[in-house]
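Good morning, and thank you for joining this meeting.

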Amino acid sequence: MIVPPEYYVILSAVLFSIGVVGVIVRRNPLIMLMSIELLFNAANLALVTYARAWVDNVGHVFAFLVITVAAAEAAIGLAIVAVTFRRSVNVDVDEVAVLKG
Amino acid sequence: MLLTVIWLLPLLGAVVAWAFGPQLRGWTGPLCSALVGLAFLATCASWGDATAGATGLHVPLVRWLPGWDFGLQLDRLSLVWTLIVTGVGFLIHVYSIGYMHGDRAVARFFAYMNFFVFAMLTLVLSDNVVGLLVGWGLVGLASYFLIGFWFERPTAVAAARKAFIMNVVGDAGIMFAIFLIVARIGSIGYADVFSRFPTAFTREELFLVCLGLFIGCAAKSAQVPLHTWLPDAMEGPTPVSALIHAATMVTAGVYLIARFAPLWNASADARVLVGVIGALTALLGATLGCVQWDIKRILAYSTMSQIGYMIMGVGVGAFEGGVLHFLTHAFFKAQLFLTSGIIIHALHDEQDVRRMGGLRTRLPFAFWAMLIGVLAISGVPGLSGFFSKDLILYGTLQRGHPWLYGVGVLTAGITAYYMFRLLFVTFLGSYRGEVDPSDLGIRHPELAGTTLAEHAEDHEPPHAHAPAWLMAGPVAVLIPFSILIGWLGLGGESSPWARFFGGFFGAASSAPLHAPITESVSTLLVLACVIVGFAIAALRYWRPDALRAIVPRLRAEAIHTPALLWNAYYFDAAYEVLLVRPAVAIGRWFVRTVDPHVIDAGVREAAISSQWLGHLFRSFETGLVRVYALTIALGAVCFVAYYALAGGAR
């Protein structure tokens with residue numbers, strides 16, 4: 001049985017929406033990072049789906065690129081979270097507003 | 001090659017004196033003098049090459065653009081000037097070693113003097129109009145430096161500034177002429193200009209070019225109405241007055257007109273304009289010389305008057321006469337100025353002739369040098385001024401300007417009067433230095449009621465000692481030239497002077513020159529005027545009874561000087577009212593209105609609005625990560641929505 005591409009696209013959109021809501025609504029930085037990963041992977045899913053549907057390898061290449069960027073982002077993001085934890089025990093991102101203009 | 005060396009030697013001296021003055025100490029003056037003397041010798045060595053052909057010695061230097069070739073040129077005309085600038089310049093440098101001895105800034109003085117010689121050589125040796133303008137500007141700068149040499153004196157600074165500003169007016173005139181030349185001819189070399197101008201210019205354009213050049217002349221050579229800086233320029237040290245404001249720089253205007261002789265030959269309007277201005281300047285300068293009491297100002301006005309003669313001569317087309325008068329004037333006027341410097345030096349910076357008198361026995365050398373100078377400038381037969389003045393006056397008459405001739409003859413009489421007045425008041429009678437200045441009609445507030453003995457700080461009686469040989473020597477060298485150099489002009493068409501130039505300047509028309517009276521009659525006429533002038537001066541200042549009553553007489557004369565003459569025909573007052581005050585008023589208005597309400601307000605508003613923008617944008621920076629995320633999400637939604645809708649529409 002072949003799953004039609006529309007299903008994948010819909011799944012991708014659902015995952016993306018969950019990610020967006022997670023980033024905006026949650027205040028725990030770790031959860032926010034995980035939501036961002038969700039965003040990346042939703043995008044990856046869409047890219048791969050379209051690559052398959054249109055028989056074009058650019059989508060695959062781009063998916064690998066996104067995975068690389070996601071790894072780098074996770075490293076930097078976790079480092080920031082670790083430093084923030086060291087400064088204070090607070091885990092609420094709304095309290096960490098030192099860059100307020 | 002030698003020409004380049006002549007040109008650059010004084011520059012070398014200026015740079016060395018400027019850079020190593022403190023190390024050279026007393027050797028600065030001799031070194032700078034030697035360099036100028038060396039330039040003089042090199043010029044003498046180039047005599048043969050310079051007089052070889054019509055164009056003489058020519059050294060191309062650089063080509064900037066097509067038609068813009070810069071080079072040096074030593075032909076007969078520039079040879080005369082170069083010899084005077086380096087020769088008389090050398091003598092004055094030597095004199096300065098004695099005169100400036102003990103001054104704190106001797107090195108600076110000699111650096112400026114050498115720089116001036118370099119600038120003047122740039123002017124006269126250039127083979128193109130732009131090089132000429134560069135030299136023209138540089139001599140103005142050197143003149144500014146040297147007039148303001150004693151910059152602790154506010155009057156000296158003001159005089160320097162005045163001279164510089166008036167000279168810049170002239171520079172603008174020359175620049176205008178150069179613009180026209182470049183626009184119509186497309187080349188700056190003299191040779192190109194003179195060969196192409198008859199076809200390139202219309203009659204009106206040619207007159208405009210001549211006018212622009214003449215504005216430069218008038219400013220540099222102190223011609224009416226741009227003459228008022230010259231008397232004030234006497235604030236500089238006396239050797240400077242001798243070199244720059246008598247012998248060389250102020251005659252640059254004569255050089256300019258003689259250099260552009262073909263243009264003047266072609267433009268009758270320009271000839272009339274320049275002739276009239278020259279005659280007017282000669283007359284005004286002479287009349288103003290009659291009422292001055294400062295020895296250097298008398299000489300300054302006489303310089304102005306004599307340059308008026310030269311300008312009149314070269315203006316109407318009597319180029320040989322004008323240039324010969326430059327040559328003779330350079331010698332006798334340098335001699336007069338240097339002699340006045342000896343007097344001033346001996347009397348501890350006293351310049352007012354009313355406080356001199358009786359110096360004949362104390363300063364016999366100065367007396368004889370001054371006497372010869374006065375005889376020469378007055379046009380007494382046998383001395384140089386007689387020949388050159390005669391050549392100009394008769395040349396003017398021959399070219400059909402009887403009125404200018406009349407003014408010139410009259411001026412010769414006035415010249416004799418005020419020069420002999422200077423001689424008699426300074427050297428005859430008894431010494432008046434101890435007389436109360438107010439009895440002499442002197443209104444200097446700082447001197448009122450004091451005598452010179454009290455005024456002098458060391459209470460030493462004024463010792464009018466004989467000048468040191470360094471100061472007397474150059475004057476002694478100048479004396480034979482002041483007497484003899486004019487003989488070059490004797491003999492009309494076949495004189496050595498006329499043969500030296502021999503058609504160099506060309507002529508306005510090929511018609512033979514003619515005059516209503518013969519040259520002998522003209523000479524006698526001039527001589528009669530000179531004798532009348534001398535007689536009036538002798539009656540007023542030389543008669544024994546006049547000498548006895550000289551003190552009340554000088555006082556009465558000082559008090560009853562006609563206001564018109566004392567205020568120098570109100571030229572300065574007119575400039576004050578017409579130019580200075582409006583300029584100051586405009587300046588005030590700018591200070592009060594434009595500066596606070598336009599310029600300052602603009603800056604202030606820019607600062608305030610950028611601060612306001614900063615406040616606006618910093619309110620976006622909440623520092624809340626989730627707000628940023630929400631903003632990005634909304635942006636993405638808008639993005640997607642736009643493409644979705646636009647794509648749907650397409």
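Let us start with B:Tyr569, which is partly exposed, as 16 other C-beta atoms lie within 10 Å. On this scale a residue is buried if 20 or more other C-beta atoms lie within 10 Å of its own, exposed if 12 or fewer, and partly exposed in between, with C-beta atoms placed from the backbone. Please bear in mind that this is a predicted model, in which local features need pLDDT of at least 70, side-chain atom pairs count only at pLDDT 80 or more, and totals for chains, interfaces and linings use all residues. Residues are numbered from 1 along each chain as its sequence is written, while chains are lettered from A and ligands numbered from 1 in the order in which they are written.

B:Tyr569 has a positive phi of about 60°, although it is not a glycine. Its place is the loop between helix H27 (563-566) and helix H28 (571-618) of chain B. Helices here are DSSP runs of H or I with at least four residues, strands are runs of E with at least two, and both are numbered from the N terminus.

Between helix H9 (203-220) and helix H10 (229-232) of chain B we find B:Pro225, and the peptide bond from B:Val224 to B:Pro225 is cis, with omega near 0°. B:Ala222 is in the loop between H9 and H10 as well, and it has a positive phi of about 55° without being a glycine. Is B:Ala222 buried or exposed? B:Ala222 is buried, because 29 other C-beta atoms lie within 10 Å. As background, most residues other than glycine have a negative phi, and most peptide bonds are trans.

I turn now to helix H20 of chain B, residues 402-427. This helix has 26 residues and reaches 38 Å from its first C-alpha to its last, close to the 38 Å expected at 1.5 Å a residue; the expected span is 1.5 Å times one less than the number of residues. Of the 26 residues of H20(B), 22 are buried, so the helix is largely enclosed by the rest of the structure. Just after H20(B), B:Gly429 takes a positive phi of about 75°.

Next, the interior. A nonpolar core is a set of buried Ala, Val, Leu, Ile, Met, Phe, Trp, Tyr and Cys residues joined through C-beta atoms within 7 Å. The largest has 196 residues, and those with the most contacts inside it include B:Tyr112, B:Phe116 and B:Ile257. Helix H5 (residues 106-125) of chain B gives the most to this core, with 17 residues. Apart from it lies another core, of nine residues, among them A:Val23 and A:Leu39.

That brings us to chain A, which has three helices and zero strands. Its radius of gyration is 17 Å, well over the 13 Å that the globule rule gives for 101 residues, so chain A is more spread out than a compact globule. The radius is taken over C-alpha atoms, and the rule is 2.2 Å times the number of residues to the power 0.38. Buried residues make up 15% of the 101 residues in chain A.

Finally, how many residues of chain A are in contact with chain B? Ten residues of chain A are in contact with eleven of chain B, contact being C-beta atoms, placed from the backbone, within 7 Å.

Conventions. Two residues are in contact if their C-beta atoms, placed from the backbone, lie within 7 Å.
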